[in-house]
Amino acid sequence: ARQLPAAAGAALPSPGRLLCSVMDFYPAEIQVRWFQGQQELSGHVVATDIVPDEDWTHQLLMLLETTWHGVTSSCQVEHVSLEHPLSQHW
């Protein structure tokens with residue numbers, strides 16, 4: 001059975017950092033990417049390993065360090081359980 005990711009959660013752990021939390025997804029294969037507008041950001045991104053939970057679901061955290069002010073950033077999640085990519089915007 002597939003389990004939907006709970007959310008691409010928004011958090012500001014400290015100034016200049018955005019945290020994308022993806023929780024409760026199954027199976028473990030997932031793609032999480034950061035964007036500034038339409039441009040994918042690969043630098044300044046730190047991710048945890050995919051962590052298994054006791055209920056067979058998984059979680060992943062991705063941190064973006066940014067110095068841009070007034071620019072929209074988004075975390076995009078692609079998973080087999082989602083019909084369309086899920087995005088959270090800041």
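**Strand pairing and the tryptophan pair**

The bridge partner of tryptophan 34 in β4 is leucine 41. The model is a predicted one, in which local features need pLDDT of at least 70 and side-chain atom pairs count only at pLDDT 80 or more, while totals for chains, interfaces and linings use all residues. Residues are numbered from 1 along each chain as its sequence is written, and side-chain values use heavy atoms, with hydrogens and water left out.

Strand β3 (residues 31-36) pairs with β4 in the antiparallel sense over three bridges, where strands are DSSP runs of E of at least two residues, numbered from the N terminus, and two of them pair if DSSP finds at least two bridges between them. Both strands belong to an open sheet of four strands with antiparallel pairing, in the order β4-β3-β8-β9. Its edge strands, each of which pairs on one side only, are β4 (39-41) and β9 (86-89).

One aromatic pair is counted, taking rings of Phe, Tyr and Trp (its six-membered ring) whose centres lie within 6.5 Å, with planes under 30 degrees apart classed as stacked, over 60 as edge-to-face and the rest as tilted. This pair joins tryptophan 34 and tryptophan 90 in a tilted arrangement, at 5.1 Å centre to centre and with 40° between the planes. Because tryptophan 34 lies in strand β3 and tryptophan 90 in the segment after β9, the pair ties together parts that are 56 residues apart in sequence. Tryptophan 34 is buried at 1% relative accessibility, whereas tryptophan 90 is partly exposed, with a relative accessible area of 25% (buried means under 20%, exposed over 50% and partly exposed in between, with a 1.4 Å probe and protein chains only).
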